[in-house]
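Visitor: I would like to learn how the terms used for a protein model are decided. Could you take me through some of them?

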Amino acid sequence: MAQSTSIEWTEATWNPVRGCTRVSPGCGGPGPHGGCYAEGIAARFSGPGMAYEGLAEMRAGKPRWTGKLSFGHDLDAPLRWRRPQRIFVNSMSDLFHEGLAVHEIATVYAVCVAAHHLRGHTFQILTKRSDRMREVLASEEFWDQVNAEAGMHVMERTDALDRRSDDARATLEDYGPDAPPPGIWLGVSAEDQRRADERVPDLLATPAAVRFVSAEPLLGPIDFFTIADRLGSQIDALRPGVAWLHGHEDGNWHGVAGSHPALDWIIVGGDSGPNARPMHPAWARSIRDQCAAAGVAYHFKQHGAWAAIDQSAGADEAGWQGRGDWMILSADGDLDIPDDRWPDEAAGEVAVVRVGKKAAGRLLDGVTHDGFPTPTAPDRKDLSGQNVSLSTSNRRSGNATATKGELLSSEGDSIPSLSEPVERSQLRIEPKPEDDQ
């Protein structure tokens, strides 16, 4: 039987790997702020003979990973689960953790491939280590092992009389860097703009049946229309097409049309737990609106331990009755403990009240958002694109600006130009009408 879960965007969890380490503020910190739910669970069950013995511990009253990992738990479980379901892989770890050997990751992947083929499961893999994900999944040797082990799983679980070359159930495709398997959704966590800029380009460069982002805990605003990668380019991550590359010789920005795919799904949620940090509803609202404009599935998971007044009945009640902790949160994420003032709504401030995850609920502006992606045939990797150029532009990362310019594809077709200077959060690259989806 699958391990049930209360996580709203999946149906079961599977943890062949246990243990992890913190890598960014979404995991907790700096200081006492935040904290990984998995770290807390692991520390609670880290005593002698328990499931997470040696993998986590309590330090000064706070749960902390020890840095050790344990591999090989219930490896064949999804192959035994008969009812097709969405399965979150490694909810208590990170499949692309640097402490795992490539052959161990391949073994997990092989089970996913075979279990999707035999049982119809969908596997959701989420990582903060996007650079290693991209590197591992680009390896031919990795896929040689995945294909071999997945084939063995399928053969072992297919009746001998059905093992014919024309029997679809007993026959697997060969997958590889340019031919990703169906049934495996790849995602990255991104708690703020910096982490989105670091991880989303790696995800878009890695072929997958579905690509998604978990913006949880959301600790700041994210503009997915202008993701800035490590190479100095900026991309619209919600719509396939244009990437902006900075020309260091001429100082202009140049576009590459058709150079990247798009995200399929974004999950948003606030921080929870005893040291949770509040989320501004404007951050969640902005991502909702970006997804709506681009036709990308949007899932609002929760406000978290804190909720803004007017966003939650629990927060409204606590605020009017003077119960619980409350603070003023700015649109930039700055916190103020009020003594004699109310939030300056014109400046984007809101009052947030700590009421707990359940009372805070998961309504955003009074609406439940339960979007899920519609998987299509996995794409084949094609990052070559067509060169186009942008004239008289002045774009930069951060608060990017752009002056008048026109994009021309190699065929001479006009791509909508950028007019007056705009801030990064306003910058949009509209697809041509024939590319609308």
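Visitor: Why does Glu156 count as exposed?

Guide: Exposed means over 50% relative accessible area, buried under 20%, and partly exposed in between, with a 1.4 Å probe and protein chains only. Glu156 has 54% relative accessibility, so Glu156 counts as exposed. Please keep in mind that this is a predicted model, in which local features need pLDDT of at least 70, side-chain atom pairs count only at pLDDT 80 or more, and totals for chains, interfaces and linings use all residues. Residues are numbered from 1 along each chain as its sequence is written, and side-chain values use heavy atoms, with hydrogens and water left out.

Visitor: Which residue forms a salt bridge with Arg277, and is Arg277 buried or exposed?

Guide: The partner is Asp271, with the closest N and O atoms 2.9 Å apart. Arg277 has 13% relative accessibility and therefore counts as buried, and Asp271, at 5%, counts as buried too.

Visitor: How many salt bridges does this rule give?

Guide: The count comes to 20, and Arg285, Arg288, Asp289 and Asp365 are linked in a network of them.

Methods:
A salt bridge is a side-chain nitrogen of Lys or Arg within 4 Å of a carboxyl oxygen of Asp or Glu.
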